[in-house]
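Q: Could you walk me through this one before I set anything up? I'd like to take it piece by piece.

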Amino acid sequence: NIFFGNDSNLDVDSAAGNCEHRFSIIEQGPLGAPGLMNISSDPLFVDPSTQNYRIQSTSPARAAGEAGTGIAVDHFGSARPNPAGSNPDIGAHEAP
């Protein structure tokens with residue numbers, strides 16, 4: 001999951017016990033949403049102003065997702081992970 005660049009006050013506080021964030025990019029930072037392998041860096045979307053939320057090749061989300069989830073394709077049907085044998089990317093879109 002990627003929680004970044006939202007205009008509203010997004011509350012991703014997992015301390016309340018509602019959910020656990022793992023392998024996510026969370027703008028407020030890993031201390032605001034503790035969990036395994038969370039990061040707070042800019043995900044480097046291609047062009048959020050045109051709703052292109054694919055990640056750039058230099059994104060910290062590249063190969064930073066959780067391995068072994070069984071999710072074989074991304075939101076667009078592209079193979080996941082890419083390249084095969086790596087960890088998947090964080091987010092709904094696997095970088096080409």
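Q: Is His93 buried or exposed?
A: His93 is buried, with a relative accessible area of 12%, where buried means under 20%, exposed over 50% and partly exposed in between, using a 1.4 Å probe and protein chains only. This is a predicted model, in which local features need pLDDT of at least 70 and side-chain atom pairs count only at pLDDT 80 or more, while totals for chains, interfaces and linings use all residues. Residues are numbered from 1 along each chain as its sequence is written, and side-chain values use heavy atoms, with hydrogens and water left out.

Q: OK, and which residues does His93 touch?
A: Leaving aside residues up to four places away in sequence, His93 touches Tyr53, Arg54, Asp74, His75, Phe76 and Arg80, a contact being heavy atoms within 4.5 Å.

Q: What does the side chain of His93 reach at 3.3 Å?
A: That is the backbone oxygen of Tyr53.

Q: Where is His93 found relative to the strands?
A: His93 is in the segment after strand 4, which spans 52-55; strands are DSSP runs of E with at least two residues, helices are runs of H or I with at least four, and both are numbered from the N terminus.

Q: How many helices and strands does the protein chain have, then?
A: There are 0 helices and 4 strands, giving the pattern β-β-β-β along the sequence.

Q: Switching to pockets, what volume does the largest pocket have?
A: The largest pocket has a volume of about 280 Å³, and of its 14 lining residues, Asn1, Phe23, Glu66, Asp89 and Gly91 are the closest to its centre. On a 1 Å grid over the protein atoms alone, a pocket is an open set of points with protein on both sides within 12 Å along at least five of seven lines, and lining residues have an atom within 4 Å of a point. Points are joined across faces, edges and corners, and the volume is the space filled by probe spheres set on them.

Q: And which residues lie nearest the centre of the second largest pocket?
A: Those are Ile2, Phe45, Tyr53, Gly91 and Ala92, out of 12 lining residues, and this pocket has a volume of about 190 Å³. Strand 1 (2-3) and strand 4 each supply at least two residues of that lining.

Key:
A polar contact is a pair of N or O atoms within 3.5 Å; within protein, one must be able to donate a hydrogen and the other to accept it, and residues adjacent in sequence count only if both atoms are side-chain atoms. On a 1 Å grid over the protein atoms alone, a cavity is a set of points where a 1.4 Å probe fits but cannot get out, and a pocket is an open set with protein on both sides within 12 Å along at least five of seven lines; lining residues have an atom within 4 Å of a point.
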